[in-house]
Amino acid sequence: MDAKLLSVHAGSASLKEGGHRYTVKRAIVHVHLNEGYVAVQHDIAVLEMKEAFQYDSYTQPIELAEQEVPIGSQVVISGYGRVGDGQPASDVLLYNTMFVVENEVCQEITEAYGRGLICLDKKGTHGACNGDSGGPAAYDGKLVGVANFILEHCGGDYPDGYAKVAYYIDWIRQILP
């Protein structure tokens, strides 16, 4: 993954005003030793920044989840992805409340389940969309997921797939200083 193509925006819910854009020095992509990178499996990376984040009332670190999220729990997702199929990306941070789906239901519906995947479903038609990949899913003040995929279309009838942070916590801790 070419780090020159990546940057991180923090400190504002608008991409057009406020906040700060940070440059990525290196992207370390997870590759499972036995399975490699398979489309929706193990789709997670750690970004090493060229400069440290400046924390203030608008920019704060988030704790990484080390435990599984209980089935049915409400999780908040956010991102600057498309506002709908064929629509432009959003200039303002969008968010939605989703809920955790059982592993068996996720596998049956998406045909894509692995131990490192958490599926989130929604009530209604608002979920993740193209451009939200890499975005957070938070529960109880902790990062529990990283957006991976949607099926069919934005806000469709299927759960959205996220890399499960608790599953990758040991790998992440090996990389972080």
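Buried means under 20% relative accessible area, exposed over 50%, and partly exposed in between (1.4 Å probe, protein chains only). This is a predicted model, in which local features need pLDDT of at least 70 and side-chain atom pairs count only at pLDDT 80 or more, while totals for chains, interfaces and linings use all residues. Residues are numbered from 1 along each chain as its sequence is written, and side-chain values use heavy atoms, with hydrogens and water left out.

**Domains and their interface**

- An automatic or database domain assignment sets the bounds, giving domain 1 (3-60 + 169-175) and domain 2 (63-166).
- The centres of the two domains, taken over C-alpha atoms, are 17 Å apart.
- Contact (heavy atoms within 4.5 Å) involves 13 residues of domain 1 and 18 residues of domain 2.
- The buried area, meaning the accessible area (1.4 Å probe) that two parts lose on being put together, summed over both, is about 1,300 Å² for domain 1 and domain 2, with 56% of it on carbon and sulfur atoms.
- Seven residue pairs, both at pLDDT 80 or more, are in polar contact between the domains; such a contact is a pair of N or O atoms within 3.5 Å, where within protein one must be able to donate a hydrogen and the other to accept it, and residues adjacent in sequence count only if both atoms are side-chain atoms.
- Helix α2 (residues 165-175) gives the largest share of the side of domain 1 that touches domain 2, three residues; helices (H or I, at least four residues) and strands (E, at least two) are DSSP runs, numbered from the N terminus.

**Salt bridges**

- A salt bridge is a side-chain nitrogen of Lys or Arg within 4 Å of a carboxyl oxygen of Asp or Glu, and the count by this rule is eight.
- Asp-91, in the loop between β5 (74-79) and β6 (94-100), and Lys-16, in the loop between β1 (7-10) and β2 (20-29), are 75 residues apart in sequence, so their pairing ties these parts together.
- The closest N and O atoms of Asp-91 and Lys-16 are 3.3 Å apart; Asp-91 is partly exposed at 37%, and Lys-16 is exposed at 66%.
- Lys-164 and Glu-68 form a salt bridge at 3.1 Å, N to O.
- This pair links strand β10 (residues 160-164), which holds Lys-164, to the loop between β4 and β5, which holds Glu-68, 96 residues apart.
- Lys-164 is buried at 6% relative accessibility, whereas Glu-68 is exposed at 52%.
- Lys-25, Arg-26 and Glu-48 are linked in a salt-bridge network.
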